[in-house]
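Colleague: Could you walk me through how the labels on this model were assigned? I would like to see each value set against its rule.

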Amino acid sequence: MIPFEQCPVCGGEVIVKEVEKVILGGNNTAVVKVMAEVCTHCGERLYSNDTIAFFEQIRSRIAIGDVAGFLAVGQTYKVAG
């Protein structure tokens with residue numbers, strides 16, 4: 001069962017699908033795949049409380065450089081200008 005039958009932002013249809021979420025912690029970044037409710041009209045993403053807690057756990061870990069068990073997939077660069 002989908003908790004939201006309609007998008008709380010625009011009233012559009014909401015479906016469940018797998019999405020990628022970019023999480024920033026300090027100078028580090030992590031990308032995770034999670035299930036979310038996504039509006040088919042405006043793209044708003046709605047996450048469960050468990051998923052939000054998971055994001056917070058990942059954010060805390062990467063902020064202190066605790067990346068044990070994470071897969072390095074590249075580097076991030078900041079462009080000055």
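Modeller: Happy to: a search of the whole structure finds one aromatic pair, Y47 with F55. This is a predicted model, where local features need pLDDT of at least 70, side-chain atom pairs count only at pLDDT 80 or more, and totals for chains, interfaces and linings use all residues. Residues are numbered from 1 along each chain as its sequence is written, and side-chain values use heavy atoms, leaving out hydrogens and water.

Colleague: Why is F55 called buried?

Modeller: Buried means under 20% relative accessible area, exposed over 50%, partly exposed in between (1.4 Å probe, protein chains only). F55 has 6%, so it counts as buried.

Colleague: And why is D66 called partly exposed?

Modeller: D66 has a relative accessible area of 32%, so it falls in between.

Colleague: How do you know that R61 and D66 meet in a salt bridge?

Modeller: The rule asks for a side-chain nitrogen of Lys or Arg within 4 Å of a carboxyl oxygen of Asp or Glu. For R61 and D66 the N to O value is 3.3 Å, so the pair qualifies. The count by this rule comes to one salt bridge.

How values were computed:
Phe/Tyr/Trp six-rings, centres within 6.5 Å; stacked < 30°, edge-to-face > 60°.
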